[in-house]
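Subject: The structure, and what turned up in it

Hi,

Here is the structure I promised to pass on. Have a look at it first, then read my notes below.

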Amino acid sequence: MDIVLTGTGSPLPDANRAGPSTLVKAGDTHLLIDAGRGTVMRLAGGGSLPGFLAAVLVTHLHSDHVCALNDVITTHWIMTQGGGSLRIYGPPGLAEFVERQLHALEADIGYRIEHHEVLTEGPKVAVTELAPGDSFEVGGVRISTAATVHAPVKPTIGYRLEHDGAVAAIVGDTIPCAGVDELAAGADAYIQTVIRRDLVELVPNEMFQDILDYHSGVIEAAQTAARVGAKRLVLTHMVPAPTPDQYPEWIARAAEHFDGDVVIGDDLTTVTITRRTT
Ligand SMILES: [Zn+2]
Ligand SMILES: [Zn+2]
């Protein structure tokens, strides 16, 4: 299983980091988790395209995680020449969000149907709203879900993906909680969105300080990884985004609490996990 960090950014605009999204390639099955700013461009860089996606999994409806969903939907529609249906899974509220996206695209959809004879209808999207704890299978990938904690955003959903003996936990924005522990238990890769509490606390801006409430810090993510026996901790959605010369310091903080590999994500960083041999 290849885990491609298609977006390691956050709501803060960054020239080198697209908004949050992760591509998982499990054999021929491509899954996209979240669709932040610039997702489609990074999908192309990661060797995929919307038309190749077996499904999109959404963790929550914060704008930084879903603002490029309209691009994924439209590009999927055009590149499959209207022939494919895009499956999208996520929390309650997702169906209405997608419906409204389609309304926003109404003019474009009309133009293209009028212009291209092959297109006879708008994008086909199959939305499934999940309850935490639901599990299902897509293209040979076993997907389980659990509630994470990112209040006041409710509900938020984390995902555990299992394929050919390899396990990835992609949990989205959350503080440490029982749901994350369940999803990341024994995972070959635990992908966590993180902030640096010590650095955020230095910024004298009340609105910025609010993010301390509902994100894991690097140390908390490392403690979770150690507690649940994850093999690898992959940090993404870092706030404030580190420059490469700062990576060793971030990794050192995590390493004080976790013995396994710690990976700092750049856009298109790829982590490959395989069936355990032990
Ligand atoms: Zn976020
Ligand atoms: Zn969020």
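Two strands pair if DSSP finds at least two bridges between them. This is a predicted model, where local features need pLDDT of at least 70, side-chain atom pairs count only at pLDDT 80 or more, and totals for chains, interfaces and linings use all residues. Residues are numbered from 1 along each chain as its sequence is written, while chains are lettered from A and ligands numbered from 1 in the order in which they are written.

With that in hand, start at the hairpin of S7 and S8. Two residues sit between its strands, and Gly139 there has a positive phi near 55°. S7 (residues 135-138) and S8 (residues 141-150) run antiparallel and are joined by four bridges. Glu137 has Arg142 in S8 as its bridge partner.

Now the whole chain. Its secondary structure comes to 10 helices and 15 strands. Along the principal axes, the C-alpha atoms fill a box of roughly 60 × 50 × 35 Å. Of the 278 residues, 45% are buried. Buried here means 20 or more other C-beta atoms within 10 Å of a residue's own, exposed means 12 or fewer, and partly exposed is in between, with C-beta atoms placed from the backbone.

Next, the open sheet. Seven strands line up as S6-S5-S4-S3-S2-S1-S15, with mixed pairing. S6 (124-129) and S15 (270-272) are at the edges with a single partner strand each, so one side of each has no neighbour in the sheet. From one strand to the next, the twist averages 20°. Within this sheet, S2 (residues 21-26) and S3 (residues 29-33) run antiparallel, joined by five bridges, and Ala26 has Thr29 in S3 as its bridge partner. Helix H4 (residues 94-104) lies across S5 (85-90) and S6, at about 160° to S6. Axes are lines fitted to C-alpha atoms, for helices over the stretch in contact, and angles run from 0 to 180 degrees between N-to-C directions.

What about the inside? The largest nonpolar core has 67 residues, and Val56, Ala168, Ala169, Tyr190 and Leu233 touch the most other members. S11 gives the largest share, five residues. Such a core is a set of buried Ala, Val, Leu, Ile, Met, Phe, Trp, Tyr and Cys residues joined through C-beta atoms within 7 Å. Two residues are in contact if their C-beta atoms, placed from the backbone, lie within 7 Å. Leaving out residues up to four places away in sequence, Leu233 touches several others, including Tyr190, Ala221, Ala222 and Ala225.

In H9 (residues 218-228), Val218, Glu220, Ala221, Ala222, Thr224 and Ala225 are buried. Their cover includes H6 (178-184), S11 (189-195), S12 (216-217), S13 (232-239) and H10 (247-255). Just after H9, Gly229 takes a positive phi of about 70°.

Last, Ala187, in the loop between H6 and S11. Is Ala187 buried or exposed? It counts as buried because it has 25 C-beta neighbours inside 10 Å. Beyond its neighbours within four places in sequence, Ala187 contacts Val167, Ala168, Ala169, Ala230 and Lys231.

Cheers
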